[in-house]
Amino acid sequence: MATFTLKDILQNSAYDQGRLRAISTLDAIVVHSSATPAHMVDIGAATVHQWHLQRGFSAIGYHFVVQRGGLTTPQAGRPLTRVGAHTKGSNRRTLGICMVGGTDPKGDPQDNFTQAQYDTLAHLIELLRAEHGPLTLAGHRDMPKAATSCPSFDVALWASSLVPSAEPELSNVGTRNALSSARKTNVELQNEITRLNKCISAISDQVNGLKRR
Ligand SMILES: [Zn+2]
């Protein structure tokens, strides 16, 4: 079972080149594969970063990499605040997650991901939705005009099979929103109290003035 937090992953992000475009609005998560065979177990964010530099990108194009080999914490790719390079035409408002694997040794699409990878993916999506609201979820191949079989599995079907442990996360969002609006009300009340105190002292100055006459 996956138990990492977003902080665990993001503190290791080493791919902010400082000149990547900032994301203004986030509305979806796109799942990809590295299009590599199951026996290539050593691929991680550092490898993909090198591949993408060779393709002329400024940095790794994905925001997260889910490795093979039983590791349960995803690796940080491009910072969450930066526009990725993973889904042509849809990068500006989406986060890209790369699952390592996805092809057979001949390079044909193959759903060869491990259960640990799927568990990690599910937990990562829960964390991202708790932090950024109800992001929609899609596989690369489901995106507009995508001519690809990436990520080699049906993301919508997989997501629908998940046990809805997302409920507590959603109510977390509700609780956090309630808390933040309560804090705002608190600040407004404090300001009102300050304003009334000023009125009271102005009035008592006037009263004192009248008394002295
Ligand atoms: Zn892809």
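Predicted model: local features only at pLDDT ≥ 70, side-chain atom pairs only at ≥ 80, totals over all residues.
The model contains an open sheet of 5 strands in the order β4-β3-β5-β1-β7, with mixed pairing. Its edge strands are β4 (75–76) and β7 (136–139), each of which pairs on one side only. In general, the strands of a sheet pair through backbone hydrogen bonds, either parallel or antiparallel. Strand β1 (residues 28–33) runs parallel to β7, and 4 bridges join the two; within this pair, I29 has L137 as its bridge partner. β1 also pairs with β5 in the parallel sense, over 6 bridges, and here V31 has I97 in β5 as its bridge partner. The pairing of β3 with β5 is again parallel, over 3 bridges, with V65 opposite C98 in β5.

Strand β5 is largely enclosed by the rest of the structure, because 6 of its 6 residues are buried. In a regular strand the side chains alternate between the two faces of the sheet. In β5, T94, G96 and C98 point one way, while L95, I97 and M99 point the other way. Helix α3 (residues 115–132) lies across β1, β3 (64–66), β5 (94–99) and β7, and runs at about 165 degrees to β5.

Helix α2 (residues 45–54) has A45, V48, H49 and H52 as its buried residues. These residues lie on the same side of α2, because they cover an arc of only 105 degrees around the axis. An α-helix has 3.6 residues a turn, so residues three or four places apart point the same way. The face of α2 turned away from the buried side carries Q50 and Q54, which are exposed. Among the elements that cover the buried residues of α2 are β3, β4 and β5. After α2 comes G56, which has a positive phi, near 90 degrees.

The largest nonpolar core has 27 residues, of which F64, V65, V66, I97, C98 and M99 touch the most other members. At least two residues of this core come from each of β1, α2, β3, β5 and α3. The surroundings of V65 can be listed in detail. Apart from its neighbours within four places in sequence, V65 is in contact with G44, A45, V48, P74, Q75, G77, C98 and V100.

Technical notes
Residues numbered from 1 in each chain as written. Pairing = 2+ DSSP bridges. Contact = placed C-beta atoms within 7 Å. Axes fitted to C-alpha atoms, helices over the stretch in contact; angles between N-to-C directions. Buried ≥ 20, exposed ≤ 12 C-beta atoms within 10 Å, placed from the backbone. Arc of directions from axis to C-beta. Core = buried A, V, L, I, M, F, W, Y, C linked by C-beta atoms within 7 Å.
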